[in-house]
Amino acid sequence: MRDKDRPCKSREPGFTGHPDTWFDEDKYNKPKKGATFDNANDHDYYFNSYSSHHIHEEMLKDSHRTLTYQRAIEGNPEDFKDKVVLDIGCGTGILSIFAARAGAKHVYALDNAEIALHAR
C-alpha cells in the first residue's frame, strides 16, 4: 500500500472549519503561565545573546560550517551575480562578504544584536 493510500494517523486535527477559526487572537495574547517579559524593555535577551563576541568567534572557528557556507555562496555565482541580497541576522557579516564576493550588486546586512556595530 502506498503512503498516499494509507489513512492519516496524526493525533492533531489540523486546520479544519472556517479560516476565521484557525487562529485565536485572544488565546495567543493571553499571558502564558511561567512566561515573564519583565525585562523586555531593557534589550531583547535573545539578541543580547548574539552580542557577545564569543558566540561569533565559535561560529567562525567552526571551519566546516563557515567553509560550507562559503562554498555554497561563492560556488554559485550565477545565483548572486547582479542580485540584491538581504542578510537578516548578519552577525559578523561573513555571509554578506561571501555574497558580495560572489557578485551581488548590493548586500544589505541587518542585525538587531550589538555585534552589528562591529560588523559595520
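Colleague: Why is Tyr46 called partly exposed?

Modeller: Tyr46 has a relative accessible area of 47%. Buried means under 20%, exposed means over 50%, and partly exposed is what lies in between (1.4 Å probe, protein chains only), so 47% puts Tyr46 in the partly exposed class. Keep in mind that this is a predicted model: local features need pLDDT of at least 70, side-chain atom pairs count only at pLDDT 80 or more, and totals for chains, interfaces and linings use all residues. Residues are numbered from 1 along each chain as its sequence is written, and side-chain values use heavy atoms, with hydrogens and water left out.

Colleague: Where does Tyr46 lie?

Modeller: In helix H2, residues 45-49. Helices (H or I, at least four residues) and strands (E, at least two) are DSSP runs, numbered from the N terminus.

Colleague: What pattern does the chain follow along the sequence?

Modeller: It reads α-α-α-α-β-α-β-α, from six helices and two strands. Of the 120 residues, 15% count as buried.

Colleague: How do you know that E1 and E2 pair?

Modeller: Two strands pair if DSSP finds at least two bridges between them. E1 and E2 have five, in the parallel sense, so they qualify. One example is Leu86, found in strand E1, whose bridge partner in E2 is Tyr108.

Colleague: What makes the crossover from E1 to E2 right-handed?

Modeller: The label applies if, with the strands pointing away from the viewer, the path from the first strand over the helix to the second runs clockwise. Here the chain goes from E1 through helix H5 (residues 94-101) to E2, and this β-α-β crossover is right-handed.

Colleague: What makes the nonpolar surface patch?

Modeller: Val84, Leu86, Ile88, Tyr108 and Leu110, at about 520 Å². Patch residues need over 30% relative accessible area and no salt bridge; like charges are joined within 9 Å, and nonpolar side chains (Val, Leu, Ile, Met, Phe, Trp, Tyr) within 5 Å. The areas come from the Shrake-Rupley method with a 1.4 Å probe, and for residues only the protein chains shown count as cover. Strand E1 (84-88) and strand E2 (106-110) each supply at least two patch residues, and E1 gives the largest share, three. In a regular strand the side chains alternate between the two faces of the sheet.

Colleague: Why is the contact between Lys61 and Glu57 called a salt bridge?

Modeller: The rule asks for a side-chain nitrogen of Lys or Arg within 4 Å of a carboxyl oxygen of Asp or Glu. For Lys61 and Glu57 the closest N and O atoms are 2.8 Å apart, so the pair passes. Both sit in helix H3 (residues 53-61), and because they are four residues apart, about one helical turn separates them. Lys61 counts as exposed at 57%, whereas Glu57, at 38%, is partly exposed.

Colleague: How many salt bridges does the rule give?

Modeller: Three. One of them joins the side chains of Arg101 and Glu74, 2.8 Å from N to O. That pair links distant parts of the chain, 27 residues apart: Arg101 is in helix H5 and Glu74 in helix H4 (residues 63-74). Arg101 is over the line at 53%, so it counts as exposed; Glu74, at 25%, is partly exposed.

Colleague: What makes Lys81 and Asp82 a salt bridge?

Modeller: Their closest N and O atoms are 3.8 Å apart, and the limit is 4 Å, so the pair counts.

Colleague: Where is Asp82 found, and which residues does it touch?

Modeller: Asp82 is in the loop between H4 and E1. Leaving out residues up to four places away in sequence, Asp82 touches Gly103, Ala104 and Lys105, where contact means heavy atoms within 4.5 Å. Asp82 is partly exposed, because its relative accessible area is 48%. Its phi is near 60 degrees, a positive value in a residue other than glycine. Ala100 is 18 residues from Asp82 in sequence and 9.6 Å away in space, C-alpha to C-alpha.
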